[in-house]
Amino acid sequence: MPKVKLAVIFYSMGGTNFQLAKWAEEGAREAGADVKVLKVEELAPESIIERNEAWKATVEATKDVPVAISDDIEWADAIIFSVPTRFGNVPSQMKQFLDIQGGLWANGKTINKVVSAMTSAQNAHGGQEATLLSLYTSMMHWGAIIAAPGYTDPVLFGAGGNPYGTSVTVDQNGKMVDDVEGAVKHQAKRTVTVAEWVKNGNR
């Protein structure tokens with residue numbers, strides 16, 4: 001059977017969600033998937049970014065990562081999104097990317113994509129679950145199949161036990177408080193497995 005094609009699409013200001021995306025890539029490759037790691041287009045003015053050292057560093061670190069386009073959605077059997085929370089919602093950069101996929105949606109190209117999502121915030125109750133649920137609402141409109149991690153492996157409890165998707169708290173120095181690498185890799189492998197089921201079922 002052909003490999004599952006997975007797009008890991010992230011937005012990252014301080015580097016956290018870029019790291020989550022890289023861990024997801026590792027887990028998915030271990031599960032046998034063909035993986036693309038992609039970022040969404042930055043919308044913030046350069047003058048704002050220049051005033052934030054962590055943001056500038058992330059822009060530099062991700063400069064060679066391709067920007068996600070509609071063709072990547074069409075290519076993928078499965079998609080993992082990774083975004084920070086913004087007042088309990090997805091960042092405007094990711095929202096714009098989703099909003100401009102109307103053409104794909106209208107032509108049925110988003111149907112049965114297997115999707116999962118991850119997020120981060122600066123405190124443990126900073127809107128992580130609401131952010132994931134907000135993103136999943138859009139995925140329901142797409143006709144996608146949501147592969148949330150639930151409580152499918154004990155590794156999830158050590159990472160905070162978020163059943164909607166891996167979420168991590170980031171301290172004031174930009175460091176992850178929780179050890180979520182294992183949870184991210186499990187979530188990626190589960191997403192690939194569900195996509196394999198769907199791919200097999202559609203053959």
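View 1. Helix 7 (128-142) and strand 6 (167-169) each contribute at least two residues to the lining of the second largest pocket. Helices (H or I, at least four residues) and strands (E, at least two) are DSSP runs, numbered from the N terminus. This is a predicted model, in which local features need pLDDT of at least 70 and side-chain atom pairs count only at pLDDT 80 or more, while totals for chains, interfaces and linings use all residues. Residues are numbered from 1 along each chain as its sequence is written, and side-chain values use heavy atoms, with hydrogens and water left out. Strand 6 gives the largest share of this lining, 3 residues. The pocket holds about 220 Å³ of space. Of its 13 lining residues, Ala124, Glu129, Gly160, Asn162 and Ser167 lie nearest the centre. The search uses a 1 Å grid over the protein atoms alone: a pocket is an open set of points with protein on both sides within 12 Å along at least five of seven lines, a cavity is a set where a 1.4 Å probe fits but cannot get out, and lining residues have an atom within 4 Å of a point. Grid points are joined across faces, edges and corners, and a volume is the space filled by probe spheres set on the points.

**View 2. The largest cavity and its lining.** There is 1 cavity of 30 Å³ or more, and the largest cavity has about 40 Å³ of space. Around it sit Leu156, Ala159, Gly161, Asn162, Gly165, Thr166, Ser167 and Ala183. By class, this lining has 3 nonpolar, 5 polar and no charged residues. Here Ala, Val, Leu, Ile, Met, Phe, Trp, Tyr, Cys and Pro count as nonpolar, Asp, Glu, Lys and Arg as charged, and the others, Gly among them, as polar.

**View 3. The largest pocket.** Its volume is about 470 Å³. It is lined by 23 residues, and Met13, Pro84, Arg86, Gln122 and Val170 are the closest to its centre. Helix 1 (16-30), helix 3 (53-61) and strand 4 (114-121) each supply at least two lining residues. The lining divides into 7 nonpolar, 14 polar and 2 charged residues.

**View 4. Helix 1 and its residue Thr16.** With 15 residues, helix 1 reaches 21 Å from its first C-alpha to its last, close to the 21 Å expected at 1.5 Å a residue; that expected span is 1.5 Å times one less than the number of residues. Thr16 lies in this helix and is buried at 9% relative accessibility. Buried means under 20% relative accessible area, exposed over 50%, and partly exposed in between (1.4 Å probe, protein chains only). Beyond its neighbours within four places in sequence, Thr16 is in contact (heavy atoms within 4.5 Å) with Ser120, Val168, Val170, Gly174 and Met176. After the helix comes Gly32, with a positive phi near 95°.

**View 5. Val192 in helix 9.** Helix 9 (residues 181-201) carries Val192, which is buried, with a relative accessible area of 1%. Apart from neighbours within four places in sequence, Val192 touches Val4, Leu6, Ala28, Ala31 and Ala33.

**View 6. Two loop residues with positive phi.** Most residues other than glycine have a negative phi. Phe87, not a glycine, has a positive phi of about 55°; Phe87 sits in the loop between strand 3 (78-84) and helix 5 (92-99) and is exposed at 88% relative accessibility. Asn112, also not a glycine, has a positive phi of about 65°. Its place is the loop between helix 6 (102-106) and strand 4, and at 34% relative accessibility Asn112 is partly exposed.
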